[in-house]
Amino acid sequence: MEELMVADVQAAGAYMAEIGVSPAGAAIMQEKMIFRVLRLRQVPTKAANLIKQTFLSKGADAAVSVHSADLSEPFTDVLLFASIYQYRQAVISLRRQPWGLRELAEDIAALLGISLEIKQDFVHE
C-alpha cells in the first residue's frame, strides 16, 4: 500500500494508465483524484452560508465562522476543501447566485484552472 500525492490531471492520468484504466475512464475520473483547499477572506456571511450549502450539496465541505449560522457578524473567512471535480460542480452552481458569488465562482475557476466549458461525452472505443 502507498499514499499517492496527485498534483494535476497529468499525474492522475498517469496513475490510472499504470493500472490499465481506459483513456475514457481516466478522462471521467481524473479530476476526482485532485484535492485542493482554498481560503476565502472576508466573505459576507450570508454568501458564506450559501457557499457552504453549495459545497455540501456537491459532496465537498466548507468551514465558516460559528457566527455564520446566526449572522451575528457581517463577514467570515471560508475554508473550502474539495476535489477539482467538486469545485467544478460548485462553481457552476455559484455562478447563478447573488451577492457577488458569480465573480467569486469565476475567480475560483481561474485560480484552479477549471474550464467552464461543457465536456464532451466519452464513448468507449
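The model is predicted.

Start in the middle. The largest nonpolar core holds 30 residues. Within this core, the residues with the most contacts are I51, F55, V78, L80, Y87 and I108. Helix α5 contributes the most, with six residues. In general, nonpolar side chains of soluble globular proteins tend to be buried together.

Now turn to helix α4, which spans residues 84-94. This helix is mostly covered, with eight of its 11 residues buried. The buried set is I84, Q86, Y87, R88, A90, V91, S93 and L94. These residues pack against β1, α3 (45-57), β3 (75-83) and α5 (101-112).

Leaving aside neighbours within four places in sequence, Y87 is in contact with R36, V37, L38, F55, L80, F81, A82, I108, L112 and I114. Two of the core residues named above, F55 and Y87, also meet through their rings. The structure holds one aromatic pair. The ring centres of F55 and Y87 are 5.5 Å apart and the planes stand at 75°, so the pair is edge-to-face; the cut-off for that class is over 60 degrees. The pair links distant parts of the chain, since F55 sits in helix α3 and Y87 in helix α4, 32 residues apart. Both F55 and Y87 are buried.

K32 lies over the face of Y85, at 4.8 Å from the ring centre.

Next, the loops. Q30 lies between α2 (23-29) and β1 (35-44). Is Q30 buried or exposed? Q30 has a relative accessible area of 18%, and the cut-off for buried is under 20%, so Q30 counts as buried. Not counting residues up to four places away in sequence, Q30 touches V9, A12, G13 and M16.

Two other loop residues have a positive phi without being glycine. One is L71, with phi of about 55°. L71 is found in the loop between β2 (61-63) and β3. The other is W99, with phi near 65°. W99 belongs to the loop between α4 and α5. Its relative accessibility is 44%, so W99 counts as partly exposed, the class between 20% and 50%.

Methods:
Residues numbered from 1 in each chain as written. Predicted model: local features only at pLDDT ≥ 70, side-chain atom pairs only at ≥ 80, totals over all residues. Heavy atoms only, no water. Helix = DSSP H or I, 4+ residues; strand = E, 2+ residues; numbered from the N terminus. Buried < 20%, exposed > 50% of the residue type's maximum accessible area, 1.4 Å probe, protein only. Contact = heavy atoms within 4.5 Å. Phe/Tyr/Trp six-rings, centres within 6.5 Å; stacked < 30°, edge-to-face > 60°. Lys NZ or Arg CZ within 6 Å of the ring centre and 35° of its normal. Core = buried A, V, L, I, M, F, W, Y, C linked by side-chain atoms within 4.5 Å.
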